[in-house]
Amino acid sequence: SRTDSVYITGLTDRVNEREMQGYFSGHGLRIAKDTKTGRIKISIYRDKSTGIPKGDAVVKYCDPLDATEACKLFDGTTFMGQQIHVEMVTPKEQRGGATYQPASGGRGGGGYGGGGGGYGGGGGG
């Protein structure tokens, strides 16, 4: 199944959706929009605690041909002062890397059981 999305790496941590929209919709390429909100489908991955972009993003296009063309046009180009890498999204990346670790590290062990009271004395024979 051909994908309509591209995975971009090497982005600056100053990147934002508006800059990306301007660049990646060049050459007549059409970035997909969310039908409900009207927002363009660009996902910039950010550090969960700081909110600073990690340097990778996914752009979803209206058509797989646009995505293929975007790879040819933009892979290896310089965007916002940094060389970027653009490739077709694999199904693994399309799931959006939603592996959220809970912030609190598991449950703190509340010691159950306490010291065992010695059972069964030795039966003297």
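Visitor: Why is Met80 called partly exposed?

Guide: Welcome! This is a predicted model, and every value here is computed from it. Met80 has a relative accessible area of 22%. Met80 sits in the loop between strand E4 (78-79) and strand E5 (82-83). Its phi is positive, about 55 degrees, although Met80 is not a glycine.

Visitor: Which other residue has a positive phi although it is not a glycine, and what makes it count as buried or exposed?

Guide: That is His27, with a phi of about 60 degrees. His27 belongs to the loop between helix H1 (17-24) and strand E2 (42-46). Its relative accessible area is 63%, and exposed means over 50%, so His27 is exposed.

Visitor: What makes Asp4 buried or exposed?

Guide: Asp4 has 17% relative accessibility. Buried means under 20%, so Asp4 counts as buried. You can find Asp4 in the segment before strand E1 (5-9).

Visitor: How do you know that the side chains of Asp4 and Lys60 make a polar contact?

Guide: The distance for this pair is 2.9 Å.

Visitor: What makes Tyr23 and Phe24 an aromatic pair, and which kind of pair is it?

Guide: By the pairing rule, the count comes to five aromatic pairs. In the pair of Tyr23 and Phe24, the rings are 5.1 Å apart, centre to centre; the limit for pairing is within 6.5 Å. Their planes are 80 degrees apart, and over 60 counts as edge-to-face, so this pair is edge-to-face. Ring pairs also link Tyr23, Phe24, Phe74 and Phe79 into a cluster.

Visitor: What does Phe24 touch, not counting residues up to four places away in sequence?

Guide: Phe24 touches Ile8, Leu29, Ile31, Tyr61, Phe74, Phe79, Ile84 and Val86.

Visitor: How many residues are in the largest nonpolar core, and which have the most contacts inside it?

Guide: This core has 21 residues, and those with the most contacts inside it are Val6, Ile8, Met20, Phe24 and Tyr61. The elements giving two or more residues to the core are E1, H1, E2, strand E3 (53-60) and helix H2 (64-74). H2 supplies the largest share, four residues. As a general background, nonpolar side chains in soluble globular proteins tend to be buried together.

Visitor: How many disulfides does a search of the whole structure find?

Guide: The search finds zero disulfides. A disulfide would need a pair of cysteine sulfur atoms within 2.5 Å.

Visitor: What makes Cys62 and Cys71 buried or partly exposed?

Guide: Cys62 has a relative accessible area of 44%, so Cys62 is partly exposed. Cys71 has 14%, so Cys71 is buried.

Conventions:
Residues are numbered from 1 along each chain as its sequence is written. This is a predicted model: local features need pLDDT of at least 70, side-chain atom pairs count only at pLDDT 80 or more; totals for chains, interfaces and linings use all residues. Side-chain values use heavy atoms; hydrogens and water are left out. Buried means under 20% relative accessible area, exposed over 50%, partly exposed in between (1.4 Å probe, protein chains only). A polar contact is a pair of N or O atoms within 3.5 Å; within protein, one must be able to donate a hydrogen and the other to accept it, and residues adjacent in sequence count only if both atoms are side-chain atoms. Rings of Phe, Tyr and Trp (its six-membered ring) pair if their centres lie within 6.5 Å; planes under 30 degrees apart count as stacked, over 60 as edge-to-face and the rest as tilted. A nonpolar core is a set of buried Ala, Val, Leu, Ile, Met, Phe, Trp, Tyr and Cys residues joined through side-chain atoms within 4.5 Å. Contact means heavy atoms within 4.5 Å.
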